[in-house]
Structures are given as C-alpha cells and as structure tokens.
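Subject: Structure handover

Hello,

Here is the structure I promised to pass on. Please open it first, then read my notes below.

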Amino acid sequence: MTELTIKTIIVDDEPLARRGLRARLERHSDVEVITECQNGLDAVSAISQHRPDLVFLDIQMPGLNGFQVIHKLRELNQPIPLIVFVTAYDSYAIKAFDVHALDYLLKPADDERLTEALDKVRDYLTNQHQDEQSRKLACLVADLTGDDCEEILRKLAKGEAIETNPYPEVLAIKDGSEVTRVAVQDIQWIDAAGDYMCVHAIDGMHIMRKTMKELEQELNPQWFVRVHRSAIANIRFVKKLVSHISGEYHLILQNDTELKVSRSHRDKVKAAMKL
C-alpha cells in the first residue's frame, strides 16, 4: 500500500516561526511542505494554486488574518484544506479550537503537540472526514471578516453570540511572541515609520508591521480620518483645526500634538469634523 503523502503549506508572517515549523515537519516522512507564505493574501493564492491537503495557518497576520483567509477562500469557491491554526493565544484558543477546528498549535510548537496534530490529520485524510472539517470552519469564520481575532476566540470559548462588525474594537499588535491588545477607541493618531506603523494610544506608543492603507481600511471611517500621506487621526481626540496664512491646516489634538493636514485630505478632514 502506497504511503500517504500530506501536501502541506505553512503560513506565518514570522520567518523564524516558519523555519522552526518546517524543521519539525521534516522529521515526518509523510509530510511534504510544498511552499511557505508570509501573509494572508499570499496564502489565498498558494492554496488556490497548489490545492494542499493541509495548511498550518497563523491567525494574526498583516493584510488578511487566518480567519479572513478561510473566508476569502469560501468567497472564491475554493476547496478548503485541512487547517491547523497556529496562535499565540492560549486560554481562549484551547476551548474554542477544541470545538471548531481540526487542531491548533500554540507558539512555539513542540514536537509532541505537532505529532498529535498530524495524527489527527492522518485520521481525517484516511477516513475522508474533510466535509466535517469544512463545516466546522464554515461555522467558525461565517461573517467574521474584520473582527478582532482574540475577541472571536473569547466569544467562541464562552458560547457568546458573534455580531457582524466590519471594524474591530481592539487591535492585536504582535511583538515577537507577545501580543498587546490596544482598544481602538484609545488610539489618538497613527503615523508611519518606514515599513512600520506607530500607533499612539492613551497608554503609550505601539509599533506594528502594517501598511497605512491596510489600517485605514480596517479602522472605522466615522472616527479615523487620513490627514496626510503618512498619518491617520482619531477625530474624537481632535481639539481644533487651525489654518495658517500659508494656506496650510493643522490638527491640534487634546494632548497638544500637532498634525499637518495635506491639501489632498483637507476636505475629508473638514467633513469628518462636520465643518
């Protein structure tokens, strides 16, 4: 009898995490890692192209998070492979994924836990349980696009209803193995620093790897407005809009931070402030 070969894709925005998981998977002769992806958009493309049996899918990633990857595959009517979620969360994930997902790995994954997850995968593939897995994933991600990952997990774990909300109430900001939850309502302004975003909140500044365009789409436009090519302001923290003789405008925040308003964004800023 021919040995089962499990075609696998690893999806994680952290290179070290991908490398570590690949090294562990190489110890299993029936697992073939066919490619790696560093973000959700690449994952959707790779899964559609390669049709893997299994995907190790990080939850919190730039662009599309793990839930949104599955949601996007469903929108495109693409077959959804077996999914093992990879997460930095623990207390919520353990309860939620026991019910809704094939399996999950907590970072950093250890060999014993990985072997257990692969044994589940082998059982599903051998006994043709993919339909059951697809139903579980459909239940998990239905109408969740845009919600905060940890909040989804918390609600699932406690059996709470999940309301459709295109704008998250919390930003989960990763820093290595740590995840900081920042309340969106506490964010005063955001500015760009190269490939990183500086999120200035009431409790201090947080650094996240995301584009300005991605953040602008993710945040509620009722409160967050682009004031410059490299800055977004929370209108609720704006004290006044000041015009200068030169024709330039500046926003003055409640903490006296001054943000320049570019000419191309001036009308949008005035509209947001109802001026």
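Predicted model: local features only at pLDDT ≥ 70, side-chain atom pairs only at ≥ 80, totals over all residues.

I start with the lining of the largest cavity. By class, that lining has five nonpolar, two polar and three charged residues.

**The cavity**

The structure holds one cavity of 30 Å³ or more. The volume of the largest cavity is about 50 Å³. Ten residues line it, and the closest to its centre are Asp58, Gln60, Thr87, Ala88 and Lys174. Two of these names come back below: Asp58 in a salt bridge, and Lys174 in a strand pairing.

How much space lies in the largest pocket? About 620 Å³. The largest pocket is lined by 22 residues, and Asp13, Pro62, Met208, Arg209 and Lys210 are the closest to its centre. By class, this lining divides into eight nonpolar, six polar and eight charged residues. Three strands each supply at least two residues of the lining: β6, β9 (196–201) and β10 (204–208). Of the elements, β6 gives the most, with four residues.

Strand β6 covers residues 170–175. Is β6 mostly covered or mostly open? Mostly covered: five of its six residues are buried. Strand β7 (residues 178–183) pairs with β6 in the antiparallel sense, over six bridges. In that pairing, lysine 174 stands opposite valine 179 in β7.

**The open sheet**

Next, the parallel sheet. Five strands form an open sheet, in the order β2-β1-β3-β4-β5, and the pairing is parallel. Which strands stand at the edges? They are β2 and β5. Each has a single partner strand, so one side of each is left without a neighbour in the sheet. From one strand to the next, the twist averages 25 degrees.

Look at the pairing of β1 with β2. These strands pair in the parallel sense over six bridges.

Helix α1 holds arginine 18. Arginine 18 has 11% relative accessibility, under the 20% cut-off, so arginine 18 counts as buried. Arginine 18 and glutamate 36 are 18 residues apart in sequence. In space, their C-alpha atoms are 7.4 Å apart.

**Salt bridges**

As background, side chains of opposite charge can pair when their charged atoms come close. This structure holds 15 salt bridges. Here are three of them.

*Glutamate 14 and lysine 107.* Their side chains meet in a salt bridge at 3.8 Å, N to O. The pair links distant parts of the chain, 93 residues apart. Glutamate 14 sits in the loop between β1 (6–11) and α1 (15–25). Lysine 107 sits in the loop between β5 (103–106) and α5 (111–126). Lysine 107 is partly exposed, because its relative accessibility of 26% falls between the 20% and 50% cut-offs.

*Aspartate 58 and lysine 107.* Lysine 107 also forms a salt bridge with aspartate 58, with the closest N and O atoms 3.4 Å apart. Aspartate 58 lies in strand β3 (residues 54–58) and lysine 107 in the loop between β5 and α5, so the pair ties together parts that are 49 residues apart in sequence. Is aspartate 58 buried or exposed? Aspartate 58 has a relative accessible area of 3%, so it counts as buried. Salt bridges with shared partners join Asp12, Glu14, Asp58 and Lys107 into one network.

*Arginine 27 and aspartate 111.* The side chains of arginine 27 and aspartate 111 meet at 2.7 Å, N to O. Arginine 27 lies in the loop between α1 and β2 (31–37), and aspartate 111 in helix α5. The pair therefore ties together parts 84 residues apart in sequence. Arginine 27 has a relative accessible area of 58%, which is over 50%, so arginine 27 is exposed. Aspartate 111, at 36% relative accessibility, counts as partly exposed.

**Where to look first**

Asp58 is among the residues closest to the centre of the largest cavity, and Asp58 belongs to the salt-bridge network with Asp12, Glu14 and Lys107. Then turn to β6, which gives four residues to the lining of the largest pocket and pairs with β7.

Best wishes

Notes:
Residues numbered from 1 in each chain as written. Heavy atoms only, no water. Salt bridge = Lys/Arg side-chain N within 4 Å of Asp/Glu carboxyl O. Buried < 20%, exposed > 50% of the residue type's maximum accessible area, 1.4 Å probe, protein only. 1 Å grid on protein atoms, 1.4 Å probe; cavity = no way out; pocket = protein on both sides within 12 Å on 5 of 7 lines; lining within 4 Å. Points joined across faces, edges and corners; volume = space filled by probe spheres on them. Nonpolar A, V, L, I, M, F, W, Y, C, P; charged D, E, K, R; others polar. Pairing = 2+ DSSP bridges. Axes fitted to C-alpha atoms, helices over the stretch in contact; angles between N-to-C directions.
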